[in-house]
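Load the model and keep the sequence beside it. The walk-through follows below.

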Amino acid sequence: MLDDFFVRALLAGIGVAVIAGPLGCFIIWRRMAYFGDTLSHAALLGVALGLLLEINITLAIFTVATTASLALTVWQRKSTVPQDALLGILSHSALAIALVILAFMTWIRFDITALLFGDVLSVTKLDLAIIYGGGALILFGLVYIWNRLFAATVSYDLSVSEGGDPDKVNLIFTILVASTIAISLKIIGALLITAMLIIPAAAARRLARGPETMALSAAAVGIIAVVAGLFSSLQWDTPSGPSIVVAATLLFFLSLTPIAARFKTFLFRNNIEERP
Amino acid sequence: MSHPLIKLENAGLSVQNRWLVRGVSFLVNPGEIVTLIGPNGSGKSTTAKMALGISSPSEGKALRAPDLQVGYVPQRLNIDWTLPLTVRRFMCLTQKLSSMEIVTPLERTGVAHLLDHDIHSLSGGELQRVLLSRAIALKPDLLVLDEPVQGVDINGEIEMYNLILAIRNELNCGVLMISHDLHLVMAATDQVVCLNGHMCCNGTPVAVAETDEYKHLFGNRVAAGLAVYQHSHDHEHLPDGSVRHADGSVTDHCHPDDGHHHGQEKSDA
């Protein structure tokens, strides 16, 4: 079964969706969408450096993305430049440096489109092993810090006061995001990773009454988007990564319609109605 | 006496070369209520944040007892609308609680009927009651309350202060409170710390009320005899929104001609 490229693509996409959904919820709650974008651009620099130094690409992406996020954390505290400008500087300089490095390496034949938009149909068995192995570690880490991370997200002050150690869990969260980007870059591409993180989570917002249900709904929305996107890509011969994102976007708009509200009532019919 | 829960020694915090507050020293012992008073911008919340470890003092020390369980009611809590959060889930924010442990404190503040409501749908006063319930539910060694009754109706205020006193007696916890309500501060507090960018004075309410600094800061209001509570209502608003009238009947609402005095309620809180 795994010998079929389409089955491998489906499994890879589903694996990424399951990790990205819950992490994406935190990215939305913490208003870190642009931060995720910056890390995925930094990931391109990771690819370039990985090729240049001939080390494992996933490992190189992870290292560069983690370094970038730590640098941002430190930089933010000392800098007088506003945060969004700081993210912009890092994001675009990483992208530019990566492209310059790649241009110098004339001996490597390189498909830049695959890097930017993903190439889910060329997923190997090794890629699958990395997604599911790494994904299991990421989800385990997220479950481990879930309560404390959620408390730190609701209120940093409450979390510090009541012994939650928010700086530590925030740091772990950043590393989890960097890892997710590292293992999903090949599947979905640098420009579209943030979409997989935030669009399913945004669609899940209207379906959920609590943070845990929102995380699970986001994973479910992501899976539906992957399956729908890949089948339509097969049907109409459209690029796979963008097709998945288009499917996710359609689901997001669907979540804004009254159908979603009815679905939510159906899910929570045993609970008290919310006040308007 | 046992060891203090919190000890500030000449603590001060400066942000971008401006001192928010400096020279603050006080202790909070188990079972003791310490109240920070002072005008807006006098450094009350900053002092509480140093005591809690949210901000580290730029000078001096802020020490906390090891393994101190704190229950904190912050002055402001803005929960992002993207966060789906019911009152029930919010109660378990920093600690897992059983159903009993969630419901009992909410009943004591009169908002148990909001258990499964989304936190964004609560009014200011309701949210304040939920915040206090959450802090109490932790069975804290130290309660830190930054204007705990803001937005709460005037009868609710007295109930909430009584509840804070009752909790102090039950748990023998220390209480560090920020309050503008001098009437209550003077009646129910063991120690008053009077701030105005620095620590003006500190001591028992009676001792502090006699200092010149205190008279200078609050002189007019003290002279006015704290007439805040001297008017009375002919009906009472219950926390669930219904109204109890003087004759004991309960209705869902009241009308302006029922004799309610919104205009005269305390406006300087």
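In this model, 23 residues of chain B are in contact with 22 residues of chain A (contact: C-beta atoms, placed from the backbone, within 7 Å). On the chain B side, 13 of these residues are nonpolar, six polar and four charged (nonpolar: Ala, Val, Leu, Ile, Met, Phe, Trp, Tyr, Cys and Pro; charged: Asp, Glu, Lys and Arg; polar: the others, Gly among them). The model is predicted: local features need pLDDT of at least 70, side-chain atom pairs count only at pLDDT 80 or more, and totals for chains, interfaces and linings use all residues. Residues are numbered from 1 along each chain as its sequence is written, while chains are lettered from A and ligands numbered from 1 in the order in which they are written.

Turn to chain A. The axes of helix α1 (residues 5-29) and helix α8 (residues 166-188) of chain A come within 10 Å and cross at roughly 150°. Axes are lines fitted to C-alpha atoms, for helices over the stretch in contact, with angles from 0 to 180 degrees between N-to-C directions. Helices (H or I, at least four residues) and strands (E, at least two) are DSSP runs, numbered from the N terminus. α1(A) and α8(A) are therefore roughly antiparallel (over 145 degrees). Their contact divides into eleven nonpolar, three polar and no charged residues.

Now chain B. Strands β2-β1-β4 of chain B form, in that order, an open antiparallel sheet of three strands (pairing: at least two DSSP bridges). The edge strands are β2 (18-28) and β4 (59-64) of chain B. Seven bridges join β1(B), residues 6-15, to β2(B). B:Leu13 stands opposite B:Val21 in β2(B).

Conventions. Contact = placed C-beta atoms within 7 Å. Parallel < 35°, antiparallel > 145°, perpendicular 65-115°, else oblique.
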